[in-house]
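Please read the following report with the sequence and the model side by side. The headings take up one topic at a time.

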Amino acid sequence: MSQISLQTTVADIVSAVPQTADLFRKLRIDFCCGGRIPLEEAAHNRNLDSSDVLSEILYIEQKQKDYAEHHPTAKRTEKELIAYIQGKHHAFLREELPSLTPYVTKVARVHGENHPHLLRVQQIFASLKAELLDHTQDEDENVFPLILEFVQSPTPEAADALKPHVLELETEHAAAGDLLKELREITDGFEPPEGACGTYRLVYQRLAALEKDTFEHIHLENNVLFEKVRAAM
């Protein structure tokens with residue numbers, strides 16, 4: 001029998017059944033930065049029927065019993081989680097952000113006059129690109145090594161050295177999350193207008209994929225990796 005109820009936090013639901021992230025993203029329920037609230041409250045905040053949302057979650061859970069074989073969970077060690085985050089999410093950002101840049105620029109230049117929101121899309125994307133690339137570099141070069149050092153030797157001194165870095169990362173996560181929420185809002189959920197050209201559609205499709213990957217990335221760090229670290233402090 002499922003342990004998920006209306007009082008289970010959104011973050012815990014995604015940790016237990018990662019595939020529910022897609023549902024929460026569609027419903028515009030924050031599961032990464034604002035995920036530490038009960039499902040009932042989160043649904044209420046979006047004017048949704050919490051019982052209907054719970055039913056959808058339980059359906060997904062039933063269909064995805066094998067999720068643990070394919071997704072990192074709280075059972076994985078900090079070292080394994082870090083390796084997964086670097087290999088999947090950091091690698092994706094370093095490849096996708098530079099590759100997507102010329103397409104975003106082109107769409108804003110060609111269609112910005114008739115669709116002025118695309119100029120704001122370009123601004124948001126530029127901010128996200130700069131912040132996320134700096135963020136992942138800081139994690140790889142500074143914070144993740146500190147986490148591994150702390151896990152190996154969880155002394156009070158190591159904990160004190162690590163705490164401000166984790167708090168800073170969470171603040172940066174919240175800022176990135178806010179930009180992504182605005183991006184979804186002004187693009188009408190990444191739905192291109194009727195008659196949009198192929199490049200326009202491509203940009204929206206890839207921005208949606210960027211949102212999906214980044215929210216999963218933030219969730220793994222905030223609600224899995226950092227929680228494991230705090231539990232050891």
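## Aromatic pairs

Being 4 residues apart in helix α8, Tyr200 and Tyr204 are separated by about one helical turn; helices here are DSSP runs of H or I of at least four residues, numbered from the N terminus. An α-helix has 3.6 residues a turn, so residues three or four places apart point the same way. Both tyrosines, Tyr200 and Tyr204, are buried, a term that stands for under 20% relative accessible area with a 1.4 Å probe, protein chains only.

This is a predicted model, in which local features need pLDDT of at least 70 and side-chain atom pairs count only at pLDDT 80 or more, while totals for chains, interfaces and linings use all residues. Residues are numbered from 1 along each chain as its sequence is written, and side-chain values use heavy atoms, with hydrogens and water left out.

The structure holds 2 aromatic pairs, a pair being rings of Phe, Tyr or Trp (its six-membered ring) whose centres lie within 6.5 Å, and edge-to-face meaning planes over 60 degrees apart. In one of them, the rings of Phe31 and Phe215 have centres 6.0 Å apart and planes at 70°, so the pair is edge-to-face. Because Phe31 lies in the loop between α2 and α3 and Phe215 in helix α8, this pair ties together parts that are 184 residues apart in sequence. Phe31 and Phe215 are both buried. For Tyr200 and Tyr204, the ring centres are 5.2 Å apart and the planes at 65°, so this pair is edge-to-face too.

Helices α6 and α8 pack at an angle of about 30°, with their axes 12 Å apart, where axes are lines fitted to C-alpha atoms over the stretch in contact and angles run from 0 to 180 degrees between N-to-C directions. The two helices, α6 and α8, are therefore roughly parallel to each other, since angles under 35 degrees count as roughly parallel and over 145 as roughly antiparallel. Among the residues that make the contact are Phe125 and Phe144 of α6 and Tyr200 and Tyr204 of α8; contact means heavy atoms within 4.5 Å.

Helix α6 (residues 117-152) packs with α7 at an angle of about 160°, their axes being 10 Å apart, and α6 and α7 are therefore roughly antiparallel to each other.

## Cover of α2

Helix α2 (residues 20-27) is mostly covered, with 6 of its 8 residues buried, including Leu23, Phe24 and Leu27. The cover of these buried residues includes α1 (10-16), α7 (156-186) and α8 (198-232). After α2 comes Arg28, whose phi is positive, near 60°.

Note on methods: Buried means under 20% relative accessible area, exposed over 50%, partly exposed in between (1.4 Å probe, protein chains only). Angles under 35 degrees count as roughly parallel, over 145 as roughly antiparallel, 65 to 115 as roughly perpendicular and the rest as oblique. Rings of Phe, Tyr and Trp (its six-membered ring) pair if their centres lie within 6.5 Å; planes under 30 degrees apart count as stacked, over 60 as edge-to-face and the rest as tilted.
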